[in-house]
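Here is a note for a colleague who has not worked with this structure before. Please read it with the sequence and the model open.

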Amino acid sequence: MMRRLGGSRISYVLWMGMLLAFVLVAGIGKNVVVQAAETDKEETLSDSSNASGIEVTTKSDKRQYHEGDTATITVSVKNTNEYPMTNVKVEYKLPQGYSVASGQLSQTVDSLAAGETKDFEVSAIVAEDSRGEVVTSSYITVWTILLAVVVLAAIVVLVLFLMKKKSVKKATKTGASMFLIIGMLSALISGAAVPKQEVKALVKSDDFLPRVSVHDPSVVKDPKSGMYYIFGSHRAFAKSEDLLHWERFQNNVCTDYEKLFAEPWAYAKAATPKGNLSGFMWAPDVIWNDTMKKWCMYMSIDGDNWCSSICLLTADDIEGPYEYKGIVVYSGMNNPKTPPDLSKTDIYKVLDKDEDLSRYANTSNCCINAIDPCVKYDENGDLYMSYGSWSAGIFMLKLDKETGLRDYNTKYETKLDVSDAYLGYKIAGGHYASGEASYLMKAGDYWYLFMSYAGLSAMEGYQIRIYRSKSITGPYVDQNGESPIVKGSVDMKKTNKGVKIFGSYRMSGMEDVVSAVQVAQGHNSALVDDDGKIYLVYHTRFASNTGKVEMHQVRVHQMFVNEDGWLVAAPYEYSGETLADSYSSDEVVGEYDFIYHEPTESYTVRSGEQLGVVGDEEETIQEVELQKDLIVNHKTSGVKIKVAYGHAGAAKVQIKADGTVTGDYAGTWKFTKGTNVEMVLNGVTYKGVFLKQQDETLDRKERMTFTMLGDNVTVWGVESDS
């Protein structure tokens with residue numbers, strides 16, 4: 001049989017043997033190379049999901065240990081930011097059974113300069129972790145090598161025995177060639193198996209801006225003169241040619257109010273015996289009625305116990321004089337304290353005489369306060385008014401374009417949290433958690449509903465939030481799909497319902513004076529101008545270290561619609577800037593103060609310390625957690641490491657030309673269209689715009705900024721001073 005074994009059979013046996021040897025050699029090479037790589041490998045963590053701006057590298061003096069050996073673990077922390085880090089702290093958590101041989105489990109340095117690296121080291125006596133995974137490659141390599149040698153020797157002896165003597169030379173050459181080829185392939189495969197290291201990660205400076213104090217400003221533009229007007233509570237009115245330079249003005253509403261509002265005040269005074277009309281005229285809204293060819297002013301006349309009403313005045317000129325025309329809607333019809341004379345209202349013009357009015361005593365349902373009107377035309381030319389405050393919420397009525405008063409031909413179903421036969425459609429609020437100051441604006445495809453939540457003083461957390469809808473009557477939702485209609489008692493300023501357009505803040509580019517800390521921004525209006533620019537007009541209060549500064553002034557910020565159809569506001573007040581068609585990468589790269597407008601935080605003062613002012617933190621703290629794996633007695637054992645660090649003031653980010661973002665928030669950025677920007681920071685996608693603005697210092701320095709929205713949270717960036 002051996003003599004009949006031909007050359008092809010011999011070659012077959014030889015090739016099969018070589019294939020087996022190839023597998024064994026490749027495995028040996030892979031194990032050897034991996035072991036060599038892992039012995040010297042440094043494990044690196046950078047740009048973690050919850051913090052960045054540092055590069056953390058861990059290494060040990062050996063890869064494998066026996067129980068009772070001493071292992072030295074070194075943590076290198078490099079500050080990759082362009083500003084110093086403070087209070088850099090490294091904490092080690094050793095596995096059970098380990099004990100410290102030298103060094104401290106908690107180590108801190110006061111400061112780490114930009115680009116500086118600091119090593120932290122601890123030595124520990126190791127122990128086997130019974131729960132650790134078994135690492136087989138560390139002890140099978142020797143046996144694998146011996147087995148491969150035996151197999152190869154057996155193959156060679158077998159082949160030589162089977163071959164004819166005259167074929168030895170040929171077989172030897174063939175075998176040598178095979179060994180060479182297999183050796184090269186094994187080396188390539190072994191090399192390819194080496195684990196890759198993780199990559200390390202337009203106002204002039206001397207221009208005086210006259211400020212005005214108009215509480216609850218409602219903005220409107222006169223198309224004939226091009227002037228902008230704001231009408232507010234307490235008969236405070238102002239006008240401007242450019243939304244920058246304001247001047248106060250008065251008309252007959254300011255002087256003849258007792259005569260003009262005699263009817264609505266008679267209704268309110270019955271429930272407000274100690275009141276004075278001069279202090280109960282709230283938040284007028286002015287609109288041009290093209291059917292009536294009149295300027296229409298809708299004024300709230302407020303009374304105690306919800307006995308309020310909204311009335312109409314008209315004028316040929318926006319500045320007046322105005323004439324009283326009648327009452328649009330009443331509230332407080334069945335309040336339990338001072339029930340009004342319903343015969344002097346229009347309640348029974350809308351409802352049947354035998355209608356059950358008990359629902360109007362329920363502040364969770366229909367007992368609203370008829371104040372804060374906002375009147376708008378929809379796309380079909382129909383006229384609507386939103387109104388209401390706190391208690392049972394915000395409602396909406398259709399108005400008669402011919403009279404400017406209620407449209408009595410439009411009927412509403414009485415359905416909880418949907419509509420009411422007298423009040424109209426419900427669009428927000430309820431359960432005394434509703435907020436106030438509804439304002440409607442159409443921009444692009446959406447109607448935007450602005451709401452002001454919380455108390456209006458500096459310490460009560462006043463703030464603006466936004467919802468949107470395809471229809472003026474709703475339903476409205478925020479970016480998370482949450483409705484502004486409230487179905488249970490809740491403190492709205494502590495929720496994330498609604499897009500908080502911005503909160504209390506301090507950042508680079510603001511004067512370091514009391515007025516730099518703007519708080520309690522609220523009761524806004526908004527305007528889409530003839531050129532498409534969108535403006536947010538609101539009143540802001542100011543804070544001091546005691547929290548007692550309560551003056552207020554009007555501010556205007558430009559707003560933009562991002563690519564997802566949500567509004568974002570420019571960080572600095574409007575100074576005449578226009579959004580560019582595009583910016584180059586070089587124009588936007590750099591370091592920015594990063595302002596994260598946390599929805600659930602608001603300004604307050606405790607023990608003389610201001611809290612809730614974004615960007616004014618004494619120290620911004622970040623943390624990184626990682627694990628260094630060791631092998632003890634062929635089992636893995638993990639040493640947990642936490643690195644904490646901070647820096648003074650606002651959070652910082654660096655926008656880099658390679659499309660990355662580093663700093664306190666890390667990720668990527670890109671232009672999507674023109675100046676539109678998309679950033680993915682700490683796993684959240686934000687969309688908005690870059691905008692070059694003048695800051696609010698006396699020098700009016702030009703700075704690049706960005707404003708974005710993501711996950712229902714507004715974020716700003718302004719070019720840093722550093």
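1. The model is predicted. Its coordinates should be read with that in mind.

2. A closed barrel is made of eight strands, in the order S30-S35-S36-S37-S38-S39-S40-S41, and the pairing is antiparallel. From one strand to the next, the twist averages 30°. Strands of a sheet pair through backbone hydrogen bonds, either parallel or antiparallel.

3. S36 (residues 660-663) and S37 (residues 667-673) run antiparallel and are joined by two bridges; Thr660 has Thr668 of S37 as its bridge partner.

4. S38 and S39 form a hairpin with two residues between the strands, where Asn682 takes a positive phi near 50°. S39 (residues 684-694) is mostly covered, since eight of its 11 residues are buried.

5. Is Asn676 buried or exposed? This residue belongs to S38, which spans residues 676-681. Asn676 has a relative accessible area of 16%, and because that is under 20% it counts as buried. Beyond its neighbours within four places in sequence, Asn676 is in contact with Glu563, Lys670, Phe671, Gly688 and Val689.

6. Asp593 lies in S30 (residues 590-596). With a relative accessible area of 3%, Asp593 is buried. Setting aside neighbours within four places in sequence, its contacts are Met507, Ser508, Ala650, Ala651, Lys652, Trp716, Gly717, Val718 and Ser720. Asp593 and Glu719 are 126 residues apart along the chain, yet their C-alpha atoms are separated by 6.3 Å.

7. At least two lining residues come from each of S9 (218-221), S13 (281-289), S17 (374-377), S22 (436-443) and S26 (518-528). By class, this lining has 15 nonpolar and six charged residues, with no polar ones.

8. What lines the largest cavity? The cavity holds about 100 Å³, and its lining consists of Leu209, Pro210, Arg211, Val212, Leu243, Leu244, Trp246, Val554, Arg555, Val556, Glu573 and Tyr574. Strand S28 (residues 552-561) gives the largest share of that lining, three residues. The lining of the largest cavity divides into nine nonpolar and three charged residues, with no polar ones.

9. The second largest cavity has a volume of about 80 Å³. Among its 14 lining residues, Ser218, Pro373, Tyr439, His523 and Asn524 are the closest to its centre. S13, S22 and S26 are the elements that give two or more residues to this lining. By class, the lining of the second largest cavity has six nonpolar, five polar and three charged residues.

Conventions:
Residues numbered from 1 in each chain as written. Predicted model: local features only at pLDDT ≥ 70, side-chain atom pairs only at ≥ 80, totals over all residues. Heavy atoms only, no water. Helix = DSSP H or I, 4+ residues; strand = E, 2+ residues; numbered from the N terminus. Buried < 20%, exposed > 50% of the residue type's maximum accessible area, 1.4 Å probe, protein only. Contact = heavy atoms within 4.5 Å. Pairing = 2+ DSSP bridges. Axes fitted to C-alpha atoms, helices over the stretch in contact; angles between N-to-C directions. Nonpolar A, V, L, I, M, F, W, Y, C, P; charged D, E, K, R; others polar. 1 Å grid on protein atoms, 1.4 Å probe; cavity = no way out; pocket = protein on both sides within 12 Å on 5 of 7 lines; lining within 4 Å. Points joined across faces, edges and corners; volume = space filled by probe spheres on them.
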